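Please look over the sequence and the model shown here before reading the notes that follow.

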Amino acid sequence: MLDSCKLKSACNLPFIYNKKINTAGTSNADVPLPDPGMYQLDITLRRGQSLAARDRGGTSDPYVKFKIGRKEVFRSKIIHKNLNPVWEEKACILVEHLREPLYIKVFDYDFGLQDDFMGSAFLDLTQLELNRPTDVTLTLKDPHYPDHDLGIILLSVVLTPKEGEHRDAELSENEVVGSYFSVKSFFWRTYTRPAIPVLGFCRAELQSACNQNAQFQTQSLRLSDAHRKSHLWRGIVSITLIEGRDLKAMDSNGLSDPYVKFRLGHQKYKSKIMPKTLNPQWREQFDFHLYEERGGIIDITAWDKDAGKRDDFIGRCQVDLSALSREQTHKLELQLEEGEGRLVLLVTLTASATVSISDLSVSSLEDQKEREEILKRYSPLRIFHNLKDVGFLQVKVIRAEGLMVADVTGKSDPFCVVELNNDRLLTHTVYKNLNPEWNKVFTFNIKDIHSVLEVTVYDEDRDRSADFLGKVAIPLLSIQNGEQKAYVLKNKQLTGPTKGVIYLEIDVIFNAVKASLRTLIPKEQKYIEEENRLSKQLLLRNFIRMKRCVMVLVNAAYYVNSCLDWDSPPRSLAAFVLFLFVVWNFELYMIPLVLLLLLTWNYFLIISGKDNRQHDTVVEDMLEDEEEEDDKDDKDSEKKGFINKIYAIQEVCISVQNILDEVASFGERIKNTFNWTVPFLSWLAIIALCVFTVILYFIPLRYIVLVWGINKFTKKLRSPYAIDNNELLDFLSRVPSDVQVVQYQELKPDPSHSPCKRKKNNLG
């Protein structure tokens, strides 16, 4: 009987396989291991004791990594300022080869710096008894200083054999993440290039790279026969962060700049920063995916933002989703532990949205009965049924051709990531191939018809994070249903082509009324976005964009001034007569009427072929310059300028850079609304202006102002936890800026990349 596992430091690893192990019980080392075999390793990370101090205050901020075969399969939460941390976190990992030991490494988290190593150990999986819970005590060692005592880590582990037919059907979120990372070197955090957090994937991903050909065929057959269409998450957790109360003062002025971080498994969200307050009002709403029917634990931490130094920890709390009832909104007032204050949340658990992956032969829209149900769900008669469910998206990822070479063998190992807002799914990997065929169908629920579908191709690397091969961004409103198209892959900034094309067939079905109503509420925030960086070219680009918007107003002012100065007598006389006529007959309804006439005039210019919209080559040139600077930064990442070393100045410059971008984008979005860049939004603006014109014509202004004021004063009384928003700004946020227009432009494919001329796949 095995009560505890033998401990070894990393320096003894070469001898692990040659040592015969005798125990009272039957271990896996004494019996032949099935090959190939799949095992489920359930680990509970209990606590640490007497860990090493790595910070100046004599404490540490420890977290733990689990690795198998140099691949990270689990990362714990950070316990702040504690040498005896208690985690009580569970991980479920699928293991194919028990001869690969499980590495446990402990680090001290340092904000903005490289994390400090606190010790490591590893667990010989061949010594574990099957189906038997085992308590494990691991002594942490440093291979360079084996005599140092670095403390211990306590675990509970259970090793269970997994049968193939049941393995696919019972994947939880941790199994998804664990099995995925046991195959791919695709990290959640990396210091070299951004990783792609994946919330779901095709079942074919579970196969080992060692037996990729034979096992991939077996897995594909199993997918086709038993689990050809798999729903990836079981529900949605909708969270509204309302406010904080009586938070701890962390700054010298007796206040704080608080923000909140949420974490459910590997899903993360960070709130906005509320400056100089102990009672912040956030009013932010976001969703997490729920993978397990029994729920999960949401970890919540509150922080104080400090420019130029490490952020201060205010407190933490947790939400146990298993204790909450479904389809009901719960108001929670949570006391912060290890600190002071409370957080007020609204949490709602709802049934799963229709997000799935299937083979090409199992297409939802090709099944006539299923297609009719989808069309009925989004028919005009069901306007007020579930306003959040706007539409249905089906994406067929068929194949790619002529991809970039990423490996020294002259080939690549491509796989494809499909993203719609915060929903991310991916295909299996096709090894050693520049012309891969995936033939997968992805389905999504559309919550905002103005969302952009992003399809990115990566090259899988076993020992490091995936290499970028190309990307396309497709606005949903620009999609032509049922048409197989070859999309030219673009670079990371979406400003120019890279090598290769990808063949997609996309269908969008949506309710236009729901889509219009959803346009007037805030956009869904993307949880995982690249951090803002300081860039000379980006700062210059945003300054030029804002200057162009300001110059429109300046030129208008010069024009009016020239009329007043009678530089051109005929023009000044006409302006004088127009001024007298408008002022004498002016009514308030004429304001939306003039905007309506301007929109209509531009529409008739476009349909008559007299399009006065100019192709914005200036923005394209600036984006290309920025791309060149990014490439230079990648090559010379170690040669950092003086400005990058002064964190406080960098924060100010980034803020100025972002403000310039917001101001310029605001002006460009107004222009693009009247230029009919997105016809759906321009038609929506025409309808709104018609309604406003009629209201202002028939209803006296005092009544309109009275209704508006009563609504504003009673809004908090009627709905105390409503999220504040401005409908006009929400509408404009859906209109693309000039930069986004360039990024979403579809490039013309090379004529050689046509379906009839495509080359046969080289399977290597």
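**A covered strand and its surroundings**

Strand 19, which spans residues 391–401, is mostly covered, with 11 of its 11 residues buried; buried means under 20% relative accessible area, exposed means over 50%, and partly exposed lies in between, with a 1.4 Å probe and protein chains only. Helices (H or I, at least four residues) and strands (E, at least two) are DSSP runs numbered from the N terminus. This is a predicted model, in which local features need pLDDT of at least 70 and side-chain atom pairs count only at pLDDT 80 or more, while totals for chains, interfaces and linings use all residues. Residues are numbered from 1 along each chain as its sequence is written, and side-chain values use heavy atoms, with hydrogens and water left out.

**Strand pairing**

- Strand 19 pairs with strand 26 (residues 497–510) in the antiparallel sense over 10 bridges, where two strands count as paired if DSSP finds at least two bridges between them.
- Strand 19 also pairs in the antiparallel sense with strand 22 (residues 437–446), over eight bridges.
- L393 has V508 as its bridge partner in strand 26 and F444 as its bridge partner in strand 22, while G391 stands opposite F510 in strand 26.
- Strand 26 is itself mostly covered, with 10 of its 14 residues buried, and it pairs in the antiparallel sense with strand 25 (residues 483–490) over seven bridges.
- Strand 25 and strand 26 form a hairpin with six residues between them, and L494 in the turn has a positive phi of about 60°; within this pairing, Y487 has I502 as its bridge partner in strand 26.

**Nonpolar cores**

- The largest nonpolar core has 46 residues, of which L393, V397, I502, L504 and I506 touch the most other members; such a core is a set of buried Ala, Val, Leu, Ile, Met, Phe, Trp, Tyr and Cys residues joined through side-chain atoms within 4.5 Å.
- Helix 12 (residues 679–698) gives the most to this core, contributing six residues.
- A second, separate core holds 33 residues, including L41, A52, F66 and A91.
- Leaving aside neighbours within four places in sequence, L504 is in contact (heavy atoms within 4.5 Å) with K396, V397, V455, V472, I474, E483, Q484, K485 and Y487.

**A buried histidine and a helix start**

- H80 lies in the loop between strand 3 (71–75) and strand 4 (86–95), and it counts as buried because its relative accessibility is 7%.
- Beyond its neighbours within four places in sequence, H80 is in contact with S60, D61, W303, R310, F313, R316 and E338.
- At the start of helix 14, a side-chain oxygen of N726 reaches to within 3.0 Å of the backbone nitrogen of L728.
- In helix 14 (residues 727–734), the buried residues are D730, F731, L732 and R734.

**Annotated spans and the whole chain**

- An unreviewed UniProt entry carries the annotation "transmembrane region" for residues 573–604 and 680–708; UniProt positions are given in the numbering used here, feature names are shortened, and annotations may be inferred rather than shown by experiment.
- Residues 573–604 are 88% helix and 0% strand, with end C-alpha atoms 29 Å apart, whereas residues 680–708 are 93% helix and 0% strand, with end C-alpha atoms 27 Å apart.
- The protein has 15 helices and 26 strands, and buried residues make up 48% of its 764 residues.

Terms used: A polar contact is a pair of N or O atoms within 3.5 Å; within protein, one must be able to donate a hydrogen and the other to accept it, and residues adjacent in sequence count only if both atoms are side-chain atoms.
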